[in-house]
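Let's walk through this protein together, one piece at a time. Keep the 3D view open as you read.

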Amino acid sequence: MPDPLMYAEDYFVVLETNQPEQFLTVSELLEKLKLVLQNLSFGDLPPDVQKIEAVQDRAKYLIDTSCELDLGPGKYLQWYAVRLEK
């Protein structure tokens, strides 16, 4: 039987344009995505994300279903689940 730790998504590495990589908890990533989503134009959001009303729900949806968000030409935001244990 697989170890449940294999599916834990407690920490994420976040890659962002002109920024060093960051390690964030799921709650920190949620807050970061909420800020990014508030600053993006509604029309720049992916169609599936546009269908979601609340910013918090949009951010959670992105964490659960994606690993990147298009921020425009030459800009990126990516996140990947990582395990920070030996």
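Which residue in β2 is the bridge partner of V14? The partner is Q22. Before we build on that pair, a word about what you are looking at. This is a predicted model, in which local features need pLDDT of at least 70 and side-chain atom pairs count only at pLDDT 80 or more, while totals for chains, interfaces and linings use all residues. Residues are numbered from 1 along each chain as its sequence is written, and side-chain values use heavy atoms, with hydrogens and water left out.

Now for the overall plan. The protein chain contains three helices and four strands; here helices (H or I, at least four residues) and strands (E, at least two) are DSSP runs, numbered from the N terminus. Their order along the sequence is β-β-α-α-α-β-β. Of the chain's 86 residues, 29% count as buried, where buried means under 20% relative accessible area, exposed over 50%, and partly exposed in between (1.4 Å probe, protein chains only). If you take the contacts between residues at least 6 apart in sequence, 48% of them join residues at least 24 apart; a contact means heavy atoms within 4.5 Å. The chain exposes about 6100 Å², and carbon and sulfur atoms supply 52% of that area. Accessible areas come from the Shrake-Rupley method with a 1.4 Å probe, and for residues only the protein chains shown count as cover.

Back to the strands. Strand β1 (residues 11–16) pairs with β2 in the antiparallel sense, over four bridges; two strands pair if DSSP finds at least two bridges between them. Together β1 and β2 form a hairpin with five residues between them, and N18 in that turn has a positive phi of about 55°. Strand β1 also runs antiparallel to β4, to which six bridges join it. V14 is a handy landmark here: Q22 is its bridge partner in β2, and W79 stands opposite V14 in β4.

Y76 counts as partly exposed because its relative accessibility is 36%. Although Y76 and E16 are 60 residues apart along the chain, their C-alpha atoms are separated by 5.6 Å. Leaving aside neighbours within four places in sequence, Y76 is in contact with L15, E16, T17, L69 and L71. T17, one of those residues, lies in the loop between β1 and β2, and its relative accessibility of 18% is why T17 counts as buried. The side chain of T17 reaches the backbone nitrogen of Y76 at 2.6 Å. With neighbours up to four places away set aside, T17 is in contact with G74, K75 and Y76.

What holds charged side chains together in this model? The structure has three salt bridges, a salt bridge being a side-chain nitrogen of Lys or Arg within 4 Å of a carboxyl oxygen of Asp or Glu. One of them joins the side chains of E16 and K32, at 2.9 Å from N to O. Because E16 lies in strand β1 and K32 in helix α1 (residues 26–39), this pair ties together parts that are 16 residues apart in sequence. Both E16 and K32 are buried. E31 and K34, with closest N and O atoms 3.2 Å apart, both lie in helix α1, three residues apart, about one turn of the helix. E31 is partly exposed, with a relative accessible area of 40%, whereas K34 is buried, at 16%. D64 and K60, with closest N and O atoms 3.1 Å apart, both lie in helix α3 (residues 55–65), four residues apart, again about one turn of the helix. K60 is partly exposed because its relative accessible area is 47%.

Y11, F23 and L84 make a nonpolar patch of about 290 Å². Patches are made of residues with over 30% relative accessible area and no salt bridge, with like charges joined within 9 Å and nonpolar side chains (Val, Leu, Ile, Met, Phe, Trp, Tyr) within 5 Å. F23 is found in strand β2 (residues 22–25), and its relative accessible area of 45% makes F23 partly exposed.

Technical notes: Polar contact = N/O pair within 3.5 Å; in protein donor to acceptor, adjacent residues only side chain to side chain.
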